[in-house]
Each structure stands twice: as structure tokens, then as C-alpha cells.
Amino acid sequence: MTAVAPELYTLPIASRPHRTWAQTAHGLVFLVVFLFGCLMINGSQFVVLLPLRLLPFRFARKTYYEGIRYSKGAFGVLLVLACQWFAPTKLVLSFETEGQGKFTPEEIETLIQRDQNGRVTALNLPQKAVLIANHQIYADWWYAWTLTYFMGTHKDVFIVLKKSLKWVPVVGWGMQFYNFIFLARSWASDRLHLSKSLSWLARRAEKEDSPLTFILYPEGTLVSKDTRPISKKYADKLGIPDMTHTLLPRSTGLHYSLRSLAPRIPNLQLLDITMAYPGKCPGIPALRYGQDYYTLRSIFCDAVPPPAVHMHIRKFDVNRDVPIGNVSSSDPTVLPNGSAKSTVEVEIPEPEREAFEIWLRSLWREKDKLMGRFLETGSLDAPTAAGKPVEVDVPLRLRHGYEVLDAFCFFVPAVAGWAWSKLR
């Protein structure tokens with residue numbers, strides 16, 4: 001009897017067979033398509049949108065703002081299309097119904113929108129939210145952005161990046177157009193810049209009544225053989241047990257972010273997502289790490305994606321459920337600038353800092369337990385009375401065929417050409 005070969009995704013990358021010619025060709029086609037999409041998006045930003053920013057007219061600034069939102073949405077669509085064409089997978093979503101951050105039965109009923117064929121087309125999740133998650137692989141941010149495509153906020157995603165990425169050709173330029181926040185990794189200089197940038201984004205989102213999704217990973221880095229000892233050392237310093245499947249979260253960046261956003265967005269929500277990837281047993285085995293099994297190269301170039309990306313979602317009202325401290329003296333119309341009158345966002349009293357840190361650590365303990373459950377059962381959600389967890393499958397596919405044009409920003413030069421013909 002012939003033994004059945006294991007699925008490639010269950011093997012560590014180092015133990016997989018050598019890359020085939022088919023995989024090499026697949027990777028080359030992926031790189032050509034993806035880089036072409038990035039060039040089209042960035043080219044549209046420079047050629048069509050940037051001149052609008054230089055014009056001293058209100059309609060020009062408004063058009064520039066909407067154009068940048070469209071180009072950012074185009075990148076989000078490109079991420080979904082890359083999964084659809086080169087690394088097919090699905091999101092497997094579950095929602096907290098019992099513990100903290102739970103959804104009400106009424107909310108659960110209205111969360112999912114489906115088409116006539118039963119396929120999920122939209123998720124009615126908060127339009128103004130901070131999204132936090134555990135961090136296992138570099139593709140985490142890719143899949144988080146694809147989630148926002150179904151939330152309808154993929155045009156309004158913001159993330160924090162290292163300042164060194166700011167001038168990377170094409171990608172770095174595009175991220176500057178997107179108003180991503182670049183930090184020097186020196187908290188003394190970064191804290192005011194982070195708070196001022198987020199306060200400006202929040203004020204604009206409220207003024208324009210547009211969505212806002214700020215993605216942040218409180219662990220600060222991936223779980224790996226190099227970062228696990230650092231987390232253990234930090235736990236020993238605090239006199240607390242280390243996590244098993246995640247790293248101890250660092251609360252400072254998230255705390256500053258929420259204190260900057262919450263006074264300017266009264267209905268700001270915090271979406272806490274626990275992410276898990278299938279492996280051999282059925283998740284990533286103990287003493288192994290996500291990057292041993294999934295890298296951006298192995299997923300998209302070698303065509304070995306995870307068969308599913310599991311996400312368990314909790315939701316918190318920031319101003320009601322999260323102990324961010326007293327920010328009542330903050331003036332939503334004033335951006336933090338370091339003066340005595342605008343320091344409430346960046347000058348956090350020690351008791352408030354400690355209370356938030358304890359709350360976040362407690363949240364991560366629960367996340368760590370969910371990861372342990374996934375290793376045992378293959379699901380992040382608890383079984384129902386019927387014996388099975390309630391999960392929603394969301395295939396990573398575009399809703400409409402014409403959105404392929406959006407992925408390459410084809411509509412921007414078309415609209416620009418039409419406008420030019422009218423003005424001639």
C-alpha cells in the first residue's frame with residue numbers, strides 16, 4: 001500500500017522538496033503581476049494625483065484626498081487578487097459570544113452579508129476601529145488587510161512602519177501617499193509624532209465621516225526562536241509567567257494610540273483578533289514557529305499558502321470598555337504639540353499606565369489560551385451545544401470581476417483622460 005504524501009503546508013519549509021520549475025515559473029508570474037500592480041498604483045499617484053495637491057483650490061484637495069483613498073483601496077484589492085490568483089485560501093472567522101469583548105446575539109445576526117449563492121460578500125464590523133492581533137508571520141498584515149476588504153474599510157487602513165522603509169522605491173513612496181506613520185524606534189521622539197499623526201487622522205475621519213482602521217501588533221515583532229527568550233526575560237523582570245504561544249505584549253504604543261484617537265472619535269472600537277494557521281497537529285507544533293512554515297515567498301512564490309487563516313474576533317468600545325485613563329481634558333480640535341495644554345495624550349500618569357498594561361496582558365493571556373485550544377481542536381472558537389464551533393468561511397476572492405481593473409488602478413488614468421478631454 002502506497003503511503004500518502006503529506007500536504008506541503010504541514011512540513012517545515014526546510015523539510016520540503018526542492019523548488020520545482022513550475023513553482024519557479026509561478027513565482028516569477030506572481031512577482032510580475034504584483035509589481036506591475038504596485039507600479040500602476042504608484043504611477044497614478046505621481047502622475048494624476050500629486051499635481052492636484054499642488055493646486056490652491058478646495059476641490060483639488062478634496063479630489064486628491066478621494067484619489068489617495070481610491071489608490072489605497074486599489075492596493076487592498078490587489079492583495080485579495082494575489083490570494084485569489086496565486087495563493088488561494090479562506091478566512092475562517094469566529095466571534096466571541098461569552099467572555100469580554102463579546103458580540104451580542106443581535107450583532108451576530110447582522111454581522112454577515114451573503115450573495116444569492118451564499119458566499120460572504122461583506123462583514124458589518126465597526127468602520128472606525130483599532131485592530132490589534134498576535135503576530136506570527138509577516139503575512140499577518142496581508143491577511144488583516146484582506147479582512148478590511150470585506151469590512152469595507154480597505155481604503156482607510158493605516159499602519160506604523162520603520163522610518164527606514166519610507167524611501168524604498170515604489171512601495172515606500174506609495175506608503176507616504178497613504179499617510180502611514182513612520183517611526184524611528186526612539187520612543188522619546190516617536191511618541192509625540194505618533195500621537196500627533198493619529199490625532200490628525202482621527203480628526204479628519206470624523207470631519208469627512210470616512211472609515212478608519214488602524215492596525216497595530218502589540219507584541220512588536222514575530223514569535224521566533226530569537227524573540228521568545230526576550231519575552232521570557234521581560235516576564236522574569238515583571239515577575240510574571242511568560243506566554244506559551246504568543247509574546248508578552250508591550251502596551252505603550254497601543255496606549256498612546258488609543259488616547260490620541262478616542263477623544264476625537266467618540267464611537268471608536270477596538271477589534272482584538274487572534275490569528276492561527278493550520279499545521280500538522282492541527283496548528284503550528286510546539287517548539288516551532290510560524291515563519292518555519294509560512295513566509296511571503298513560500299505562500300505566494302512557491303504556491304504553498306495556508307489552507308485557511310483562522311481569526312477569532314472580539315470587540316470593545318474604547319471609551320467605555322478599555323481602561324485608557326482620563327482623557328476628558330483633551331481638546332479634540334487641537335493636535336498634540338508638546339505644550340502644557342496638549343499633553344494629556346502623551347503624558348500618562350503611572351497608575352493609568354499600569355492599569356492599561358495589566359488589562360492588555362490579561363487580554364493576551366486569553367489569546368494564549370485560544371491558541372492552545374486551536375492546537376488541540378483546530379478551532380479558535382469553543383464548541384456549541386451541538387458539538388461544533390460556529391465559524392464563517394470567507395474565501396479570499398474579489399466580489400466582482402471588474403474589480404480586477406481597480407487592483408491595477410486602471411480607472412484613475414481613464415478618469416484623468418476623460419477629464420482632460422473635457423477641458424481641452
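Q: Which residue of β8 does I132 stand opposite?
A: I132 faces D272 in β8. The structure is a predicted model, in which local features need pLDDT of at least 70 and side-chain atom pairs count only at pLDDT 80 or more, while totals for chains, interfaces and linings use all residues. Residues are numbered from 1 along each chain as its sequence is written, and side-chain values use heavy atoms, with hydrogens and water left out.

Q: How many bridges join β4 to β8?
A: Strand β4 (residues 128–133) and strand β8 (residues 269–276) run parallel and are joined by 5 bridges. Strands here are DSSP runs of E with at least two residues, helices are runs of H or I with at least four, and both are numbered from the N terminus. Two strands pair if DSSP finds at least two bridges between them.

Q: What is the strand order of the sheet?
A: The order is β6-β5-β7-β4-β8-β9-β1-β10, an open sheet of 8 strands with mixed pairing. At its edges are β6 (181–183) and β10 (392–395), each of which pairs on one side only. The twist averages 25° from one strand to the next.

Q: Which helix packs on the sheet?
A: Helix α11 (residues 350–377) packs there, touching β4, β8 and β9 (309–317). The direction of α11 makes about 30° with that of β8. Such axes are lines fitted to C-alpha atoms, for helices over the stretch in contact, and angles run from 0 to 180 degrees between N-to-C directions. Contact means heavy atoms within 4.5 Å.

Q: And β7, is that strand buried or exposed?
A: Strand β7 (residues 212–216) has 5 of its 5 residues buried, so it is largely enclosed by the rest of the structure. Buried means under 20% relative accessible area, exposed over 50%, and partly exposed in between, with a 1.4 Å probe and protein chains only. Both faces are covered: L212, F214 and L216 are buried on one side, and T213 and I215 on the other.

Q: Which way does β7 pair with β4?
A: The two pair in the parallel sense over 5 bridges, and V130 stands opposite F214 of β7. Strand β5 (residues 157–162) also runs parallel to β7, with 3 bridges between them; there, V157 has T213 as its bridge partner.

Q: Changing topic: at what angle do α2 and α4 cross?
A: Helix α2 (residues 58–86) and helix α4 (residues 140–151) cross at roughly 110°, their axes coming within 9 Å. That makes α2 roughly perpendicular to α4; angles of 65 to 115 degrees count as roughly perpendicular, under 35 as roughly parallel, over 145 as roughly antiparallel and the rest as oblique.

Q: Which residues make that contact?
A: Among them are F75, V80 and C83 of α2, together with W141, W145 and Y149 of α4. The residues of this contact divide into 11 nonpolar, 2 polar and 1 charged. Here Ala, Val, Leu, Ile, Met, Phe, Trp, Tyr, Cys and Pro count as nonpolar, Asp, Glu, Lys and Arg as charged, and the others, Gly among them, as polar.

Q: How does α1 pack against α2?
A: Helix α1 (residues 21–54) packs at an angle of about 175° to α2, with the axes 9 Å apart. That makes α1 roughly antiparallel to α2. Their contact has 19 nonpolar, 6 polar and 1 charged residues.
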